[in-house]
Amino acid sequence: MQENIDLLLDHPLGALLGYFTVAILGLVVFLSFFEMVTKYNCWEEIRKGNVAVAMATGGKIFGICNILRFSISAGVSIYETMKWSVVGFLLLILAYFLFEFLTPVFSIDDEIAKDNRAVGLTAMMISVSLSYVIGAAIF
């Protein structure tokens, strides 16, 4: 059975499908972790037109996918990709908590929930920027 999987993953189309599947699953799982730690419901707020939440969530999506991209580039196998993407995600979520902690004047989550677009944009840029730093460290 493992031989058949390895054979499939050695083919370029099989590898593409394998990495794509890992990326989609990783995105769903990692984004759900972000959903659990925010004080607001991302998708409900986006449905209501909260642009700050959309920017912050978009930054998280980009950051997760960028880390996955670097993990795919660095890994020699799908298993290595999964391992490094988890490490990268943990660093990204740590950065999220640090951002909240290092701004004691106001709550990042509360401001984003109130559609403060300046805070939403800053959160997006932090996620995107740090995903490049994390990715470079993985690679």
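1. Packing of α4 against α7. In this predicted model, the axes of α4 and α7 lie 7 Å apart and meet at an angle of about 5 degrees. Angles under 35 degrees count as roughly parallel, and α4 and α7 are therefore roughly parallel to each other. Sorted by class, the residues in the contact of α4 with α7 comprise 16 nonpolar, eight polar and two charged.

2. Annotated spans. The unreviewed UniProt entry lists residues 16–37, 49–72, 84–106 and 118–138 under "transmembrane region". In the model, residues 49–72 are 92% helix and 0% strand, with 34 Å between the end C-alpha atoms. Residues 118–138 are 100% helix and 0% strand, and their end C-alpha atoms are 30 Å apart.

3. The largest nonpolar core. This core has 14 residues, of which F34, I64, I67, F89, L92 and I134 touch the most other members. Two or more residues come from each of α2 (12–37), α4 (51–74), α5 (78–101) and α7 (117–138). The greatest contribution is that of α2, with five residues.

4. Surroundings of F34. Which residues is F34 in contact with, once its neighbours within four places in sequence are left aside? They are K60, I64, F89, L92, I93 and Y96. Among these contacts of F34, I64, F89 and L92 are also listed with the core members that touch the most others.

5. A separate core. Another core, of 10 residues, lies apart from the largest one; its members include Y40, A56, F99 and A123.

Methods
Residues are numbered from 1 along each chain as its sequence is written. This is a predicted model: local features need pLDDT of at least 70, side-chain atom pairs count only at pLDDT 80 or more; totals for chains, interfaces and linings use all residues. Side-chain values use heavy atoms; hydrogens and water are left out. A nonpolar core is a set of buried Ala, Val, Leu, Ile, Met, Phe, Trp, Tyr and Cys residues joined through side-chain atoms within 4.5 Å. Buried means under 20% relative accessible area, exposed over 50%, partly exposed in between (1.4 Å probe, protein chains only). Helices (H or I, at least four residues) and strands (E, at least two) are DSSP runs, numbered from the N terminus. Contact means heavy atoms within 4.5 Å. UniProt positions are given in the numbering used here, feature names are shortened, and annotations may be inferred rather than shown by experiment. Axes are lines fitted to C-alpha atoms, for helices over the stretch in contact, and angles run from 0 to 180 degrees between N-to-C directions. Angles under 35 degrees count as roughly parallel, over 145 as roughly antiparallel, 65 to 115 as roughly perpendicular and the rest as oblique. Ala, Val, Leu, Ile, Met, Phe, Trp, Tyr, Cys and Pro count as nonpolar, Asp, Glu, Lys and Arg as charged, and the others, Gly among them, as polar.
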